[in-house]
Amino acid sequence: MSRSAPTGVLTAEAFDTPRILLAGAVDYAMYDRFRDQLADAPKTGLTVIELSTLGGDPEVARMMGEDVRFQSDINPSRRLVFLGKAAIYSAGATFMSFFATPNRYLTRGTRVMIHERKMDKHLHVTGPLTTCVASVKAVLHELEHSIAIQNEGFENLVRGSSVTMDDVLKRAPANWYIEAQEAKALGLIAEVI
């Protein structure tokens with residue numbers, strides 16, 4: 001008989017000893033630490049994943065998020081819970097978006113920062129005209145697909161909250177900072193610890 005994962009709003013005591021502790025840039029080194037700690041965490045019950053980050057690679061954040069989603073799907077007796085501490089910027093918000101809202105928590109005073117993905121690319125067009133068109137189209141396709149991936153993350157983050165996609169799309173270009181209590185009032189998280 002398998003034990004079911006705890007449900008409902010958690011109190012501060014549940015966050016006393018997070019099983020997965022992550023701080024710093026969201027990068028491949030963090031992903032390695034995350035995978036190691038996830039593998040060592042209990043397979044049933046509550047597993048708290050604590051994060052503090054000023055951002056990083058959004059694709060690494062998506063990989064970590066997919067691991068959370070996958071583990072949640074294959075092991076319903078395990079409740080993976082996000083605890084954001086101090087700063088959850090950029091890629092940290094992307095990672096948070098993979099947790100169901102009842103499994104998102106922030107510490108007091110934590111700020112979540114949501115912004116659009118950024119690109120720094122120079123396009124030098126030279127050569128036969130058909131090759132030039134292909135190069136320009138390739139960059140255009142990269143932009144279009146990056147926007148689609150970005151917006152999927154925004155939709156996951158705001159699902160079930162009072163925040164609309166229009167709100168996010170208006171505010172994200174200028175870096176939208178949301179304080180923990182405001183995130184709770186907007187329905188982006190379950191509770192402030």
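**Aromatic pairs, salt bridges and a nonpolar patch**

Phenylalanine 82 is buried, and phenylalanine 99 is buried too. Buried stands for under 20% relative accessible area, exposed for over 50%, and partly exposed for the range in between (1.4 Å probe, protein chains only). The model is predicted: local features need pLDDT of at least 70, side-chain atom pairs count only at pLDDT 80 or more, and totals for chains, interfaces and linings use all residues. Residues are numbered from 1 along each chain as its sequence is written, and side-chain values use heavy atoms, with hydrogens and water left out.

Aromatic contacts come next. A pair of aromatic rings is described by the distance of the centres and the angle of the planes. Here, rings of Phe, Tyr and Trp (its six-membered ring) pair if their centres lie within 6.5 Å; planes under 30 degrees apart count as stacked, over 60 as edge-to-face and the rest as tilted. Six aromatic pairs are found in a search of the whole structure. One of them joins phenylalanine 82 and phenylalanine 99: the ring centres are 5.4 Å apart and the planes stand at 55 degrees, so the pair is tilted. Phenylalanine 82 lies in strand S3 (residues 78–89), while phenylalanine 99 lies in the loop between helix H3 (91–96) and strand S4 (104–106). The pair therefore ties together parts that are 17 residues apart in sequence. Helices (H or I, at least four residues) and strands (E, at least two) are DSSP runs, numbered from the N terminus. Phe82 and Phe99 also belong to one aromatic cluster with Phe34 and Phe95.

Another aromatic pair consists of tyrosine 89 and tyrosine 177. This pair is edge-to-face, with 5.4 Å centre to centre and 85 degrees between the planes. The pair links distant parts of the chain. Tyrosine 89 sits in strand S3 and tyrosine 177 in strand S6 (residues 176–179), 88 residues apart. Tyrosine 89 has a relative accessible area of 18%, so this residue is buried. Tyrosine 177 has 41% and is therefore partly exposed.

Charged side chains also pair. Side chains of opposite charge can pair when their charged atoms come close. A salt bridge is a side-chain nitrogen of Lys or Arg within 4 Å of a carboxyl oxygen of Asp or Glu. By this rule, the count is eight salt bridges. In one of them, arginine 117 meets glutamate 59, and the closest N and O atoms are 2.7 Å apart. Arginine 117 is in the loop between strand S5 (111–114) and H4, glutamate 59 is in helix H2 (residues 58–74), and the two are 58 residues apart. Arginine 117 is partly exposed, at 25% relative accessible area. Glutamate 59 is also partly exposed, at 28%. Glu59 and Arg117 are linked with Arg62 in a network of salt bridges.

Glutamate 66 and arginine 69 form a salt bridge of 2.6 Å, N to O. The two are three residues apart in helix H2, so about one helical turn separates them. Lysine 184 and glutamate 191 form a salt bridge of 2.9 Å, N to O. Lysine 184 counts as partly exposed, at 34% relative accessibility.

The surface carries a nonpolar patch formed by Met119, Leu140, Leu143 and Ile147. Together these residues have about 320 Å² of accessible area. Patches are made of residues with over 30% relative accessible area and no salt bridge; like charges are joined within 9 Å, nonpolar side chains (Val, Leu, Ile, Met, Phe, Trp, Tyr) within 5 Å. Accessible areas come from the Shrake-Rupley method with a 1.4 Å probe; for residues, only the protein chains shown count as cover. Leucine 140 lies in helix H4 (residues 129–158). Its relative accessible area is 41%, so leucine 140 is partly exposed.
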